[in-house]
Amino acid sequence: MTNLTISDKAREIYSRALICDLTLPWGNWEEGKDETLPRYRDSGFGFVSLTVGLDRMGFEESLQWVARERARLRSWSNWVHFVETAADIREARRKGKLAVGFHFQGTNPLGQDLNMIALYHRLGVRHILLAYNQKNAMADGCHERTDEGLSRLGRRAVAEIERCGMILDCTHTGYRSSMEAIEMSTQPVMFSHSNAKALRDHARNIHDDQIKACARTGGLVGVTGVGHFLSEDMAATPAAVVAHIDHIANLVGTDHIGIGIDHVYYQSHKARQRAAAPNSYPSGYPPAGRAGSYLAPEQLIEVVELLVQRGYDEIDLDKILGGNFLRVAERVWDRL
């Protein structure tokens, strides 16, 4: 935490906003889950989306993990409200509970069976990205040697994701794959946790034309608090987050920005995971022995203060903190 003084204006805006974080990794290897979600509740967040399936998880493991995590959330029902619609998120706020949802980072949990998309939707999965850094059966990832775009199966997956009422997420996905997916989409698309490549030249970040294409669908980019995607020194400071928000706002306006903080815990484990998977994490990551820098949920109010100082008004900040995501969720989730 910094010594930044938080103004009354920033505190008022922050307290009134329905804050939505689009990405909190939640696989079966992460530690500290019992302590992590309460941090979001205590920091004033209204909704958090948990990663309950990834490309490194197969079909059986993913299905079992979804079932286990639904049971975990039921055990926390006195303060957690599991959501399947945007209306559920607003209802959780009225009840004074933290709204929690599910998403997948990759399509390998489908087992190449597109019928599983509808089943996972029934189980509460509400957004899904196509590929996690590497090539899979659907698409190329952003760290793949090639940039070959969607496979035939991937094109069918995009259509089925849309049909089932899930939000298509292009984070971690290769450039051509993401642009092809956006082009064929008829619903808003998002990058749930991506930053601007123009500010930090990292393969995980996205080009300005990807941001613009996403905005044309009515979608949004969730700015992430991962230091190695924020700045050359890999420091996850509120000022670095604000720089990426500013860049996207100047490109497409404040209607297309959200928050996707990403990793805030199990940092030593993540460093070991990166070291053990050089194909998924080939370059641009903290060196061995350095866990990395991540924005804490407790620091989001500092981001708001800096944005207030830059002239963002309450309407802009309400949209960035959660309003834009709720609009997209209402359009995609609640239309069925």
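This is a predicted model: local features need pLDDT of at least 70, side-chain atom pairs count only at pLDDT 80 or more; totals for chains, interfaces and linings use all residues.
Q: How many helices and strands does the chain have?
A: Helices (H or I, at least four residues) and strands (E, at least two) are DSSP runs, numbered from the N terminus. Here there are 13 helices and nine strands.

Q: Why is the chain described as being as compact as a globular protein of that length?
A: The radius of gyration is taken over C-alpha atoms, and the globule rule is 2.2 Å times the number of residues to the power 0.38. For 336 residues the rule gives 20 Å and the chain has 18 Å, which is close, so the chain is as compact as a globular protein of that length. Its C-alpha atoms fill a box of roughly 50 × 40 × 40 Å along the principal axes.

Q: What percentage of the residues in the chain is buried?
A: Buried means under 20% relative accessible area, exposed over 50%, and partly exposed in between (1.4 Å probe, protein chains only). Of the 336 residues, 62% are buried.

Q: Which residues have the most contacts inside the largest nonpolar core?
A: In soluble globular proteins, nonpolar side chains tend to be buried together. A nonpolar core is a set of buried Ala, Val, Leu, Ile, Met, Phe, Trp, Tyr and Cys residues joined through side-chain atoms within 4.5 Å. The largest has 93 residues, and L24, L37, L50 and I245 have the most contacts inside it. Another core, of 18 residues, lies apart from it; L22, A99, V332 and W333 are among its members.

Q: What is L50 in contact with, leaving aside its neighbours within four places in sequence?
A: Contact means heavy atoms within 4.5 Å. With those neighbours left aside, the partners of L50 include L24, W26, L37 and F102.

Q: Where does S177 lie, and is S177 buried or exposed?
A: S177 is in helix α7 (residues 175–184) and is buried, because its relative accessibility is 0%. Not counting residues up to four places away in sequence, S177 touches A139, D140, D147, G149 and L150.

Q: Which strand holds L220?
A: L220 lies in strand β8 (residues 220–223). L220 counts as buried because its relative accessibility is 0%. Beyond neighbours within four places in sequence, its contacts include L22, F191, H256 and V328.

Conventions. Residues are numbered from 1 along each chain as its sequence is written. Side-chain values use heavy atoms; hydrogens and water are left out.
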